[in-house]
Amino acid sequence: MAEFRMPALGADMTEGTLSEWLLQPGDRVSRGDIVAVVETAKAAIEVECFDSGVVERLLVEPGTTVPVGEPLAVIATSVPEAAPVVSPLVRHLAAESGVDLATVHGTGPGGRITRADVMAEPSSGPPAAEATGVVEPAGVVEQAAPRGSSATAPASATTPPSVTAASSATTPPSVTAPSSATTPPSAGPATGAAGRRVRATPLARRLAAEAGVDLATLTGTGAKGAVRAADIRSVLDVRPVPSPVRPHPAPVQATHPAPVAASERQQAMRRATGDLMARSKREIPHYYLSTTVDLAAATRWLRELNLRLPVAERLVPAALLLKAAALAAREVPQLNGFWTASGFTPAPAVHLGVAVSLRGGGLVAPAIHDAADLPVPELMARLRDLVARARGGRLRGSETADPTITVTSLGDQGVEAVFGVIHPPQVALVGLGRVVERPWAAGGMLGVRPVVTATLSADHRASDGATGARYLAALDRLLQRPEEL
Amino acid sequence: VNHDQALALLEDVLTEIVPDADFAGIGPDRSVREALELDSLDFLNLVERLSERAGCRIDEDDYPRLETLAGGAALLVERT
């Protein structure tokens with residue numbers, strides 16, 4: 001028996017809304033299957049299953065917002081002793097501390113092995129006192145600041161009160177029995193003006209609360225007249241809903257929820273980014289390095305290659321730069337990994353986070369897995385796919401959960417240099433500016449060459465400036481031989 | 001195609017990439033790349049879709065002409 005839980009899809013996530021189930025009770029699932037769509041503050045994310053077995057029951061209805069770690073479904077696993085559920089971070093920590101996970105007794109919900117469990121093992125480093133005070137579900141602990149539970153406070157402090165209420169609601173609130181516990185205090189109208197109790201879906205209730213819409217003034221189009229999210233959106237007129245003049249019947253709506261209203265999404269995204277960046281600046285002693293890289297060879301190589309290629313296969317300079325950034329991260333492993341309570345944990349592979357700005361504002365930084373091992377054309381294809389899905393479609397849980405180092409590239413917006421803020425628990429962020437033509441002295445001659453300013457923001461707890469300098473030097477050297485990338 | 005058709009095609013394709021693009025605010029000689037905040041991947045999408053829909057080859061050397069609506073439309077008229 002295994003529980004499928006709300007995963008932590010990135011360090012800035014504290015809760016998520018289950019927006020769609022892609023399976024039903026009785027379905028057989030395999031580890032890695034995409035089983036649900038979860039809406040976070042930033043994006044709709046396709047979530048993979050961590051177990052194999054048969055879906056026994058679904059615990060949470062679409063539209064319900066639950067905290068990270070909350071069980072969403074029960075899966076009957078065929079193997080009696082399922083492998084312990086361990087997050088990548090905990091696995092890294094165990095490997096680093098020499099702890100065999102098979103011998104660890106998980107104290108997290110559902111026997112999940114938490115960071116504290118690993119650190120309590122004899123062979124691990126000194127157990128961090130602050131880890132014992134953690135009361136959140138395992139998922140929250142794992143994505144929380146390694147410096148201790150106190151560091152998680154800002155995240156929960158800024159979370160609306162409805163979160164704690166939702167976490168205590170173990171039974172999914174049904175449409176017909178709206179629980180006042182899930183209603184944020186600001187929502188007010190759990191009952192109508194006439195004292196009449198208003199039926200509404202949890203998502204509708206949340207939308208109404210945030211938009212200040214009185215539920216009692218609406219005519220619900222859902223089952224038994226329940227107010228649905230679509231009803232709220234139709235009065236908000238924030239984003240014109242494409243076509244549904246006639247509302248869908250409720251079951252259809254449940255499996256195809258309309259996108260969350262633009263203004264709400266933007267606010268939530270702003271808050272999620274702000275919380276994570278504030279935490280980064282509060283905890284991480286950043287140091288910054290900058291260097292200018294001659295891109296003449298790389299530009300020439302790209303140009304000649306692209307002349308022979310159909311448009312669909314052409315490469316952009318970003319693909320070369322990302323490949324070089326990934327290879328350099330492999331050369332300087334002190335910058336590729338996570339800062340945990342026991343110190344720096346290098347990652348075994350380079351999962352290159354790519355900062356993608358979203359239209360209408362906002363930022364996501366999903367990972368290109370094993371970027372250092374991908375041939376440049378493959379990396380280019382993955383980059384295009386990732387950016388397209390980040391902006392228009394859906395990201396996958398595994399992509400948002402585990403970047404080991406992130407690259408931000410503001411060159412397309414015209415700036416020459418960007419000194420970024422590290423995404424905890426990562427320890428480094430590479431900034432790439434615009435490729436510009438500049439006078440350049442080489443071999444005693446002055447010429448005009450395309451150059452790019454590459455910067456590194458790194459965590460001084462994990463590395464020193466000399467290490468960071470080696471990274472930028474490696475990046476420069478790699479870009480001088482584009483054909484070998 | 002004539003200039004108006006080319007311009008319409010260009011605006012069509014740009015709208016596919018930037019759904020809320022407002023061309024009224026973009027003069028014929030202003031950089032669309034800047035006005036619509038197109039990054040290099042968006043620009044590649046633009047080139048790919050344009051060459052597909054117009055049935056003409058667009059090389060990297062032509063990219064500067066696609067910077068503006070007027071330049072892009074002229075390029076399409078020339079090539080088709």
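Q: Which residues of H1(B) meet residues of H3(B)?
A: Contact means heavy atoms within 4.5 Å, and helices (H or I, at least four residues) and strands (E, at least two) are DSSP runs, numbered from the N terminus. In this predicted model, Leu9(B), Leu10(B), Asp12(B), Val13(B), Leu14(B), Glu16(B) and Ile17(B) of H1(B) touch Asp42(B), Asn45(B), Leu46(B), Arg49(B), Leu50(B), Arg53(B) and Ala54(B) of H3(B). Residues are numbered from 1 along each chain as its sequence is written, and chains are lettered from A in the order in which they are written. Local features need pLDDT of at least 70, side-chain atom pairs count only at pLDDT 80 or more, totals for chains, interfaces and linings use all residues, and side-chain values use heavy atoms, without hydrogens and water.

Q: At what angle do H1(B) and H3(B) pack?
A: Axes are lines fitted to C-alpha atoms, for helices over the stretch in contact, and angles run from 0 to 180 degrees between N-to-C directions. Here the angle is about 135 degrees, and the axes lie 10 Å apart. H1(B) is therefore oblique to H3(B) (under 35 degrees is roughly parallel, over 145 roughly antiparallel, 65 to 115 roughly perpendicular, the rest oblique).

Q: With which strands does E17(A) pair?
A: Two strands pair if DSSP finds at least two bridges between them. E17(A) pairs in the parallel sense with E12(A) over 3 bridges, and 4 bridges join E17(A) to E18(A), also parallel. Val407(A) is the bridge partner of Val354(A), while Ser409(A) stands opposite Leu432(A).
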